[in-house]
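Please open the structure in your viewer and keep the selection panel at hand.

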Amino acid sequence: MKKYDTIIVGGGPSGMTAALWCARDGQRVLLMDRCDRIGKKILVTGNGKCNLTNFRQSPDCYRSETPEAAAAVLSAFGQEDAMELFRSLGILTRDRDGYVYPYNEQAASVRAAFESAVLNRDGLEVLTETSVTGIRRIKDGFQVSAEAYSAGKKGNAPGRQFFCRSLLIATGGLAGVKLGCDGSGYGLAKALGHHIIPPLPALTALKSSAPFLKKLSGVRNQAAITLQVDGRKVCRERGELQWTDYGISGVAIFQISRFAILALEEGKAVQLSLDFMPEYSVGEVESLLHSGLEACPYKSFEELLGGILPAKLVPVVLREASRQAKTQPLSGDASSARAIQIRHGGASDSDFQRLAAVIKGFSLRISGYMGYEKAQVTRGGVDMTEVTENLESCICPGLFFAGEVLDVDGTCGGYNLQWAFSSGSVAGEAAWNRNRRS
Ligand SMILES: Cc1cc2nc3c(=O)[nH]c(=O)nc-3n(C[C@H](O)[C@H](O)[C@H](O)COP(=O)(O)OP(=O)(O)OC[C@H]3O[C@@H](n4cnc5c(N)ncnc54)[C@H](O)[C@@H]3O)c2cc1C
């Protein structure tokens, strides 16, 4: 019977990093993954460019029910340590406004660099297309049950058993089902006595049933977004909105999705207030509109806004401004009596006020969210109060966790991979140390 010092379940960035720390000084390590290649999820990161980490690091970039525990891990192995790890693997990096990418901006080269380091490390074996289905605590360690696994299907081969002194679960969360992640790590952790903070998708698009969405699909524009839950302001982000036929997407929406999703799950009313001209105050927008019509008295509101907002957004904004006041419409076809009236100086102060108010606070009711198939990360996971600073289980000594399977999720910008590298390093080194001592 072959017994390993450490078995690592999951060959994503956290598992591979952990494996490189564990397989040192003659310790024997087995890295198991159900995909046909390790590190497959890296290929889709950063739209194929892989946003590795970020020079801007602050506690609010990482979210958890126990943020102080996440912070301790990140201070033990931080962004500079990650840069050193990349150098040691031959990954040259590029700094894009603080966002760190591989120099060639090809995620495939990051995956290849990790894979090649893992495959060339003495004492480190890799077993792909193998799914771990059960873990049992035994006298001097763990018994790991696994089955052959091919393209999401169980194989016909009989199950196999493996043994180890220390065990590290790095199975990711539920985001990226096609890339091997189905939350199986939560079941493995639970069976060993751990509590799981309920998982939910994070960094994903939001759905709305607003009737104008079909017309806006494909439009992109800059905005400041305020998330309101039951009428209360919860958070604010700024960035590019990407309108879709089902709702709204884009990095800024991803950032707030975590809070919107939790509120929706709790049955609360979720609304976005979109400010399409965040650089200006309401009063300034009003004056801009006034002076625009003064300078071009031959224009309708529709034509005036055509120079400010994306064309497809203009009728939606005008309709909303008209609807709110239940008075005369602010638009119409160019020959309508109203359009002619506006063109001849007939717009009232309240017309300008209503329009400015809608441009600065367009309301979009959120009815749902895109699930794990679209989400970049999972919130929730193994409760951080049940692990030590070294990510060893307080319930089951010798058991370690790393990566997204833990209750830590980063914001968009390289923070989830940073968490994978940080937690993988900390847990991997701790498992190696434990084996050395025992
Ligand atoms: C589309 C997309 C884009 C992203 N872009 C970025 C980005 O640019 N920057 C960033 O920081 N983050 C990004 N992320 C998030 C980031 O990829 C993840 O947070 C990170 O990969 C998590 O690493 P991990 O090692 O914990 O888990 P994963 O990378 O999910 O790896 C887990 C591995 O475990 C294996 N596994 C699962 N269960 C079992 C089992 N029972 N037996 C055997 N193997 C198992 C899986 O096959 C998988 O290979 C992105 C995510 C997605 C989906």
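Throughout this tour, buried denotes a relative accessible area under 20%, exposed denotes over 50%, and partly exposed lies in between, computed with a 1.4 Å probe on protein chains only. The model is predicted, so that local features need pLDDT of at least 70 and side-chain atom pairs count only at pLDDT 80 or more, while totals for chains, interfaces and linings use all residues. Residues are numbered from 1 along each chain as its sequence is written, and side-chain values use heavy atoms, with hydrogens and water left out.

**First stop: a salt bridge at Asp-60**

Select Asp-60, which is exposed at a relative accessible area of 52%. Its side chain meets that of Arg-56 in a salt bridge, at 3.8 Å from N to O; the term requires a side-chain nitrogen of Lys or Arg within 4 Å of a carboxyl oxygen of Asp or Glu. Arg-56 is partly exposed, with 48% relative accessibility. By this rule the structure holds 19 salt bridges.

**Second stop: Arg-34 and Asp-182**

Next, select Arg-34 and Asp-182, whose closest N and O atoms are 2.9 Å apart in a salt bridge. This pair links distant parts of the chain, 148 residues apart: Arg-34 is in the loop between β2 (29–32) and β3 (53–54), and Asp-182 is in the loop between β11 (160–169) and α5 (184–191). Helices (H or I, at least four residues) and strands (E, at least two) are DSSP runs, numbered from the N terminus. Is Arg-34 buried or exposed? Arg-34 is buried, at 11% relative accessible area, whereas Asp-182 is partly exposed at 39%.

Now select residues 93–96 (β5) and 99–102 (β6), antiparallel strands joined by four bridges; strands pair if DSSP finds at least two bridges between them. Thr-93 has Pro-102 as its bridge partner in β6. Two residues lie between the strands, and Asp-97 takes a positive phi near 55°.

Glu-105 sits in the loop between β6 and α4 (107–119), eleven residues from Arg-94 in strand β5. Arg-94 is partly exposed at 29%.

**Last stop: Phe-77**

Finally, select Phe-77 in the loop between α2 (67–76) and α3 (79–88). Phe-77 is buried, at 9% relative accessible area. Beyond neighbours within four places in sequence, its contacts (heavy atoms within 4.5 Å) include Trp-21, Leu-85, Phe-421 and Val-426.
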